[in-house]
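Work through the exercises below with the sequence and the 3D structure open. Each task is followed by a stepwise solution.

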Number of protein chains: 2
Amino acid sequence: MEPKNPAILTPRDSEILKDVILTYILTAEPVSSRSVAKHGKLGLSAASIRNVMADLEEWGFLAQPHTSAGRVPTRAAYHLFIETMMETRAVSLKERRYIEENLKSGPSDADQLVEVTSHLLSELSNQVGIVLTPTWGDTVLKAVDFVPLSGNRVLCVVVSTTGFVENKVIETEETVPREELVRISNYLTESFAGQTLRQIRERLLRRMAEERAQMDRWLATTLELARRGLDVDQGPDVVVEGTTSLLTQPELSDLHRVRRMFETFHDKARLVSLLNQCLLGGGVRVIIGEDSDLTSELGFSLVAKTYGVGDRTLGTLGIFGPSRMEYQKIIPLVNFLGETLSRALAESFSGPETR
Amino acid sequence: MEPKNPAILTPRDSEILKDVILTYILTAEPVSSRSVAKHGKLGLSAASIRNVMADLEEWGFLAQPHTSAGRVPTRAAYHLFIETMMETRAVSLKERRYIEENLKSGPSDADQLVEVTSHLLSELSNQVGIVLTPTWGDTVLKAVDFVPLSGNRVLCVVVSTTGFVENKVIETEETVPREELVRISNYLTESFAGQTLRQIRERLLRRMAEERAQMDRWLATTLELARRGLDVDQGPDVVVEGTTSLLTQPELSDLHRVRRMFETFHDKARLVSLLNQCLLGGGVRVIIGEDSDLTSELGFSLVAKTYGVGDRTLGTLGIFGPSRMEYQKIIPLVNFLGETLSRALAESFSGPETR
DNA sequence: CTTAGCACTCTCAACCCGAGAGTGCTAATG
DNA sequence: CATTAGCACTCTCGGGTTGAGAGTGCTAAG
């Protein structure tokens, strides 16, 4: 469709494009040649700017909603902006303090940590914050514990090395006394700590098949409890925060798009697959507009980054919002929060082992 | 403003009012005299209906958006409708099956039960489902359990008799070995099970003050752990589900009201206080429009009921939506789900004691 | 190469207008 | 006397029109 881009933009072209993008981000309205001429540093008249802008449109960096409207940056323009001409604005000291305060003191377990992070993402960007929790099968077991409830019910508590906790009530064939449960907890924790739930599951099944005949009663109930309690095959959870803050954005001024947006955020499966596109690479990934079917409908963008402990990637976190967003601030913010969350998870939960 | 209502409506007035309400609930548009005449059983002409409707308006049961529009029921009309002329439509067998299936098989602990209930409320009514979880201080302790994490961290698991589980990570002064934690868990569960968290907290504080001097080391750490672990002073949680389903309702056709609605649902504190108005009485409570500041802004209604185990009220559940809702179906639905949730909580978790 | 000038295009809000819907009133009717 | 047919009146809503404003593209002059 669009003619081939030139190998490189002249400094002037670049400057003008940048100006258009910056003011569009600010105002959400098509940018006219006149406003660029007035506001811009280079003392050119509107007419000259117009020529350049016509070129930029031809290259595919600008578009007009209709004849005689200003120009609007395209997806390509945003990408170029981010890669070559953006001056990132580091997260301010005040914000860093605020983040660390909230992340250090408030949450006690990892799930709360994730929730607070999502909230911070949203609050500090005025967009939607998204955090993907680790896939449960990949988490490394720290401890299992069984608590007797009434009747034949047992509460199984599974803790990962990174501090995520999962509760599950299971029903046993017969009542298992408290002391027995303590022994079982100890045994299972000792034998399986340090392995992923997926590995554990496989080993359990293999072992149950192998030893079926010669297993004593105690081992049988133990393994059965483990199988039931550790079998949490749910995929990753998506924590979405701040959808309402988008309602004030001008791009959501019509009801139909509002509905679409909420439908989008409710379809967790698609969100997960979108977020998973960002799994590779350590830096911040930016997905803009038609890069993905999800973002294209709404003309939205996603700025995302993985988080994890050591070299192990646990999940993804990011900010979702109209393509017209302050990448200069958003990208450092996502970066910082990714690092901070990773650090918090590492510091809090993988200290010296207890035994 | 409005002239005093007549002591009683004639059967004909009543019939007409009912017809207006029913068709308004269905169509969401002002009801004309003509449509009542056509659709209604009593073979009257539009002109006669008009006279009656003018009366009903004078008495405050109907209102017109403007001259030469049809009539719309007022809050008073809905109340009258619910109290005297509504024929409730019992929850269908299919729906009952669906509810019981979802509530029996899916969720394992009480928190999940609440979540599923909220979802069912929303799904079956196409409105917003709300469930208020029990105030944590009022819940009765079933068991406490401590799981050692890394370093000086201990995961405290608190289980209520009704199956609600709370996790909390606390930091201890010095490392407490695993066997010790087991002893402490046992001791605390035995001494405090059956009391509310509030009671326990008071006793703990008193005991710590009394015995400060003569306490041995073990008891000191035990009580300290208990104080920290059982001190969850958070208020009730509000689980809101299905806000998006309201977006298709015609009363939310303008953006401003959509924003208002989402703000409303995000202000958990106000929601709690509204729901708490329904705490008294065992039946289903209906709050319509200007009955409360919360519902008035939007012209919304709330149908709510308490749930609990035995004679102990635990929380509230309800359906929130435009005043124009199918009370004939909604009220039985809330009633049924309240009873089913109560039953599920009772059956699952307060069976025979384990020790 | 730059820019002033101008014609041209497109949107947007305001306005008007007529159709349609519904009412209130009155007079006729059983 | 309740009921109803008839009719004038009111209000909303959608469509069409118009004029102002904004912005562009082009051309010709500096």
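A residue counts as buried if 20 or more other C-beta atoms lie within 10 Å of its own, as exposed if 12 or fewer do, and as partly exposed in between, with C-beta atoms placed from the backbone. Helices (H or I, at least four residues) and strands (E, at least two) are DSSP runs, numbered from the N terminus. The model is predicted: local features need pLDDT of at least 70, side-chain atom pairs count only at pLDDT 80 or more, and totals for chains, interfaces and linings use all residues. Residues are numbered from 1 along each chain as its sequence is written, while chains are lettered from A and ligands numbered from 1 in the order in which they are written.

**Exercise 1. Find the buried residues of helix α4 of chain B, and state what covers them.**

Step 1. Helix α4(B) spans residues 75-85, and its residues B:R75, B:A77, B:Y78, B:L80 and B:F81 are buried.

Step 2. Contact here means that the C-beta atoms of two residues, placed from the backbone, lie within 7 Å. The cover over the buried residues of α4(B) includes α1 (11-27), β1 (62-63), β2 (72-73) and β8 of chain B.

**Exercise 2. Determine how chain A is related to chain B.**

Step 1. Two copies of a chain are related by a rotation about an axis and a shift along it.

Step 2. Copies are superposed by least squares on the C-alpha atoms of residues with pLDDT of at least 70 in both.

Step 3. In chain A, the C-alpha nearest the axis belongs to A:L255, 3.2 Å from it.

**Exercise 3. Describe the side of chain A that touches chain B.**

Step 1. Count the contacts: 36 residues of chain A are in contact with 34 residues of chain B.

Step 2. β4 (141-148), β5 (153-160), β6 (165-171), α7 (178-192) and α10 (255-266) of chain A each supply at least two residues. The largest share, 6 residues, comes from α10(A).

Step 3. Sort by class, with Ala, Val, Leu, Ile, Met, Phe, Trp, Tyr, Cys and Pro as nonpolar, Asp, Glu, Lys and Arg as charged, and the others, Gly among them, as polar. This side of chain A has 16 nonpolar, 11 polar and 9 charged residues.

**Exercise 4. Which residues come nearest to DNA strand D, and which to DNA strand C?**

Step 1. Near means that the C-beta atom of a residue, placed from the backbone, lies within 6 Å of the strand. Of the 18 residues around DNA strand D, the nearest are A:S32, A:S33, A:S68, B:T67 and B:S68.

Step 2. Of the 18 residues around DNA strand C, the nearest are A:H66, A:T67, A:S68, B:S32 and B:S33.

Step 3. The surface near DNA strand D has 5 nonpolar, 10 polar and 3 charged residues.
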